[in-house]
Amino acid sequence: MDEAIKRSYIAFIEILDRADSLPEGTRRQQLSLHMTDPQLTKVIDRIKEMKRKNLVAYGRVTTHIQSISLDGIDASLRDCQDSGNAGTMNTLTRKKINRGIQNENIKAYLSRGSDGRWRVTKAVSFGRGC
């Protein structure tokens, strides 16, 4: 079970790295394979905000999963992720606006759907330091 949760979380992080480049017409559908509300709406709203500001994501986030807790169809996961080589960039100037941080303490909440897939329902950053 832990491996399925781990794989689902890693797939969630990987699709977040490129979520803003997914076709708008199928974006919600593609993202919903890896997350559900409230996380799904939060990501969609963030992409819309970024596009309004001419921003795009760059780079990749590396996961370092520390622990997984399972409670029936719900799970929580602790990640000490490295987003030091990722951030946002202006689409017009190609100038990097910000950069993520190394050793970011993340707690993600997942739920197993009726289809058996684990999806992230909420991800919270507790900032630098794991």
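**Ser-83.** I began with Ser-83 and found it in the loop between β3 and β4. The model is a predicted one, so I read every entry here as a computed value from a prediction. Is Ser-83 buried or exposed? Ser-83 has 7% relative accessibility, and since buried means under 20%, I logged Ser-83 as buried. I then looked up a C-alpha distance from Ser-83 to Gly-59. The two atoms are separated by 8.1 Å, with the residues 24 apart along the chain.

**The sheet.** Next I traced the strands. Four of them form an open sheet in the order β2-β3-β6-β7, and the pairing is antiparallel. Which strands are at the edges? They are β2, residues 65-71, and β7, each of which pairs on one side only.

Strand β3 covers residues 74-81, and eight antiparallel bridges link β3 with β6. One partner I looked up was that of Cys-80: Asn-105 in β6.

**Aromatic pair.** I searched the whole structure for aromatic pairs and got one. Why are the two residues about one helical turn apart? Tyr-9 and Phe-12 are three residues apart in helix α1, which puts about one helical turn between them. I checked burial for both. Tyr-9 has a relative accessible area of 0% and is buried. Phe-12, at 2% relative accessibility, is buried as well.

**Largest pocket.** The largest pocket holds about 890 Å³ of space. Its lining has 31 residues, and those closest to the centre are Leu-16, Arg-46, Val-61, Gln-81 and Glu-104.

Which elements supply at least two residues of the lining each? I listed these:

- Helices: α1 (2-18) and α3 (39-52).
- Strands: β1 (55-59), β4 (86-90), β5 (96-99), β6 (104-112) and β7 (118-128).

Helix α3 gives the largest share of the lining, six residues. I sorted the lining by residue class too: 15 are nonpolar, nine polar and seven charged.

Definitions and conventions:
Residues are numbered from 1 along each chain as its sequence is written. This is a predicted model: local features need pLDDT of at least 70, side-chain atom pairs count only at pLDDT 80 or more; totals for chains, interfaces and linings use all residues. Side-chain values use heavy atoms; hydrogens and water are left out. On a 1 Å grid over the protein atoms alone, a cavity is a set of points where a 1.4 Å probe fits but cannot get out, and a pocket is an open set with protein on both sides within 12 Å along at least five of seven lines; lining residues have an atom within 4 Å of a point. Grid points are joined across faces, edges and corners, and a volume is the space filled by probe spheres set on the points. Helices (H or I, at least four residues) and strands (E, at least two) are DSSP runs, numbered from the N terminus. Ala, Val, Leu, Ile, Met, Phe, Trp, Tyr, Cys and Pro count as nonpolar, Asp, Glu, Lys and Arg as charged, and the others, Gly among them, as polar. Rings of Phe, Tyr and Trp (its six-membered ring) pair if their centres lie within 6.5 Å; planes under 30 degrees apart count as stacked, over 60 as edge-to-face and the rest as tilted. Buried means under 20% relative accessible area, exposed over 50%, partly exposed in between (1.4 Å probe, protein chains only). Two strands pair if DSSP finds at least two bridges between them.
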